[in-house]
Structure formats: C-alpha cells, structure tokens
Amino acid sequence: TRPPSVSLLGKEYPTDKTTNITSAIADKVGRNLYMNPSHPLGILHALVSSHFRDFNSMVGLPPVVTPAQNFDDLSFPPDHPGRAVTDSYYLNDSAMLRTHTSAHEVETFARGERRWLLSADVYRRDEIDASHYPVFHQMEGARVFASGAEGRAELEADNARLAGELARARIAIEDVPHVSPTNPAQAAHDPVLAELVAQNLKLSLNSLMLSLFGDHAGGEAGEPLRVRWIEAFFPFTTPSYEVEVFFRGKWLEILGCGVVQQQTLDRANVPNSISWAFGLGLERIAMILFSIPDIRLFWSQDPRFLSQFTAGQISTFKPYSKYPACYKDVSFWLSEAGLHDNDFCDLVRDTAGDLVQDVVLIDDFTHPKTKRSSKCYRINYCSMDRSLSNEEANEVHAQVIASLKDKFGVEIR
Ligand code: PHE
C-alpha cells in the first residue's frame, strides 16, 4: 500500500505504480552542498566556474524533471535501461529526479544561452560503496558556435589561442582522432566545422584539467599532468569522449562530453548553430583533490569534517573516527617532579587504550607568586568502531585521573 501522494519541495505528487522515491532520498533534496563556498564541493564548483569565467553559471534548479527532459529530449531510445524504475527515482510516471544535468540542456539552449555552466544535484539508484551514493553533483558545460563562416573563424581563433596556451604548459595528452568510423561526426554537420568543434571541446577541457590538477598531480616534481581521451557513446552527442587523468598512480574517469546532437539544438529552436557539451561529476574529482576517502563524508555536518576546508583552497583531508567525539578536560597542579606531555600521553594511552583519539594541552600556567604550575589537557575519547556512551567516557576519564594522582602526585583543580 502506497500513500496517495508524496510531497517534495512543497509540491504534492500523486503516486502511481512507478513511484519509488524513498524518504532517505527526499531528505537530501535541497541541501545544495555545492553552493557552500567552504565545502569541498563548493570549492571545486568555484574552481570550475572561475576557469570558465566568461560562461553564464547557473545554480539551484529544482531536481524534479519529466522523463521527457531527462531522456526523450536527449534522444535516449525508448528501451534505454536508465529509464527503468530500478535505475532512476520516480515521483510518478511523469515526474522524476534528474539523473544528470544534461536534463536541462534543451531548456538552457532554448533560452539562448551560448556559453553556459549548470550545476546541480543528480539522483541514481546504484550500488553502495565508497565512491557511489544515490545523490551526487554534476556540472554541465556547453558552448554554441554559429555554423557558418563566422563560427568557423571564431573556432579557428579560439583553437589557436588554446593550443598556444597548452603548448607552453606541462601536460601530456593521449588523444584519439576527433572522428572515426566508431565515433562518427553527424550527417547534419559540415565535417570541417564538426572537427573544429571537437577540437575546441578537447582544448577547452584539457585546459580545465590543467587548472584543476596541474598543481596537484602528485607526481615527481617536473612531471607533466597526463590526460587521456577515450571514445565514448552518449545518445545526445556524437562524436563522444571520456576524459581520464593519471593521478597518484591510477587513471581516473573525470567526465563525459561530445558534440551535441543536432536534434537537441533543433528541439531548443536554436538554428544555424553547432555546440559541444560536457558533464562532470564533482564528488569524484573532489575525492581526488582533497583526499576524501568516502563519498558519504560530503554529507557530514560534523565540524571535524567541515572545519577542515577553506573557500578557495585545495587542502588534504585528515580522517577522523566516524563515531562521535567526546571531549573531557583534566586540570591539575603539578608536583615538584613536574610532568612531561609525553608522560601524560603515555598514561592516557595506558589507561584508555584506543578509545583516545587525541590529547591537546589547552592551558599551561605558572602562578606568579607561588611559582606552582598547573596544566589543563583536553582528551578526545572516541572509538574507531562504535559509538561511545558519555557514561563510558566518564568512567575511563575517572580512571585516567586516578592514575594521574597515583603516579605523578598531581593535585586536581
Ligand atoms: N550526462 C552525461 C552523464 O551523466 C555526461 C555528458 C554530458 C556527456 C554532456 C556528454 C555531454 O554521464
């Protein structure tokens, strides 16, 4: 038995037999993680936007689209597996959560945008592991050129400029032919123009890869960034490609792209034009750049995660326990013999074992008259594999205090 309707973002959707959105998924809608400038996804979003600074960057489009927007407008065949209720989330048979930002291509082209970026949360039913999550974020980018002599001149000039920039950069590119029998140009296109557009796409994205990974390739100093182009297939582009980057010893898939099917531009009523488009997944790239080991961390509200990132900066994430931190302070007067930080730490480790995650000296004070010294340490009790109750942390902390008095003769303040 299903409820008669489901509500999302303040709208009611009557349910039917395709309805399969769950409350865990509905709860994620509207978080807009990529809009937070000091969240890793927001930092990456800003980097890509500033690379394409003369593109109109759109954010905040609600995730509910029609299957027509998500599939039919992009020439997906009627039997494409992505349409299945096992692969996508449906509110009902005429409303679904977009599975990719390409779902907004037609409406964006139709508005007359000719250089645009669009960032959004996308939803797919998928396997569960460290790099898959049913909600993730994509950035779509597209550039439209006039299809006549004017477009050709613009492409030739822009390609020459980009090629010049890349020739001076430390980048090693493994390319594939712009078009091939298995990755053909479109019948509707002038073959010379189609090649120029494909070349512009490749140059633009090689340049983006350099912006994102150039300083963080992690290889030997002086080694070039390695970028690899592969033939791909998407129903809404041809020729199509995937881009991979060699990072810390592995080839990583970064994005999909291609020359936009003319049918898409026709549906958007954009005449005499030719376009390229790409779609990249923000989580994948952010996991690499910030060394974030698990995709679930992006949704964390824990200050131990969020406080590690600063707007405009790529930093290396330092993992912490998945379980809640429990901070306890101990403040005491030292005996004549004093107490070294390392002695304190060994005592804590001896008593609390692996329940202690870190110890910080937060106060170190010597009384000006009596010359007595006091110290205050903050201990973070946190298990690696379970949630520690406050009672249990109190018990361990009491043992630490007892042995501190016993072994070092301190006086608790
Ligand atoms: N939408 C595609 C995906 O999610 C990526 C893509 C975008 C491919 C634009 C080509 C052009 O896999």
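Pro293 is partly exposed, with a relative accessible area of 47%, where buried means under 20% relative accessible area, exposed over 50% and partly exposed in between (1.4 Å probe, protein chains only). The model is a predicted one, in which local features need pLDDT of at least 70 and side-chain atom pairs count only at pLDDT 80 or more, while totals for chains, interfaces and linings use all residues. Residues are numbered from 1 along each chain as its sequence is written, and side-chain values use heavy atoms, with hydrogens and water left out.

Pro293 sits in the loop between α8 and α9 (303-306); helices (H or I, at least four residues) and strands (E, at least two) are DSSP runs, numbered from the N terminus. Leaving aside neighbours within four places in sequence, Pro293 is in contact with Ala130, Met287 and Phe317, contact being heavy atoms within 4.5 Å. Between Pro293 and Arg31 there are 21 Å in space, C-alpha to C-alpha, and 262 residues in sequence. The loop between α8 and α9 also holds Ser291, which has a positive phi of about 55° although it is not a glycine. Ser291 is partly exposed, at a relative accessible area of 24%.

Two further backbone features deserve a look. Lys371, likewise not a glycine, has a positive phi of about 60°; this residue is found in the loop between β15 (356-366) and β16 (373-381) and counts as exposed at 59% relative accessibility. In strand β11 lies Pro239, and the peptide bond that joins Thr238 to Pro239 is cis, with omega near -5°.

At least two lining residues come from each of β8 (135-146), β10 (225-234), β11 (237-247), β12 (250-260), β13 (273-281) and α8 (282-289). By type, the lining divides into 16 nonpolar, 14 polar and ten charged residues (nonpolar: Ala, Val, Leu, Ile, Met, Phe, Trp, Tyr, Cys and Pro; charged: Asp, Glu, Lys and Arg; polar: the others, Gly among them).

The ligand is surrounded by 14 residues, the closest being His100, Ser102, Arg124, Gln138 and Gly279; a residue is near a molecule if one of its heavy atoms lies within 4 Å of it. Polar contacts are pairs of N or O atoms within 3.5 Å; within protein, one must be able to donate a hydrogen and the other to accept it, and residues adjacent in sequence count only if both atoms are side-chain atoms. An N or O atom in the side chain of His100 is 3.0 Å from a nitrogen atom of the ligand, and a polar side-chain atom of Ser102 lies 2.9 Å from a ligand nitrogen atom. For Arg124, a side-chain N or O atom is 3.0 Å from an oxygen atom of the ligand.

Finally, Ser275 has its place in strand β13 and counts as buried, at 0% relative accessibility. The Ser275 side chain reaches the backbone oxygen of Arg143 at 3.0 Å. Beyond its neighbours within four places in sequence, Ser275 is in contact with residues including Phe109, Arg143, Val197, Gly258 and Leu265.
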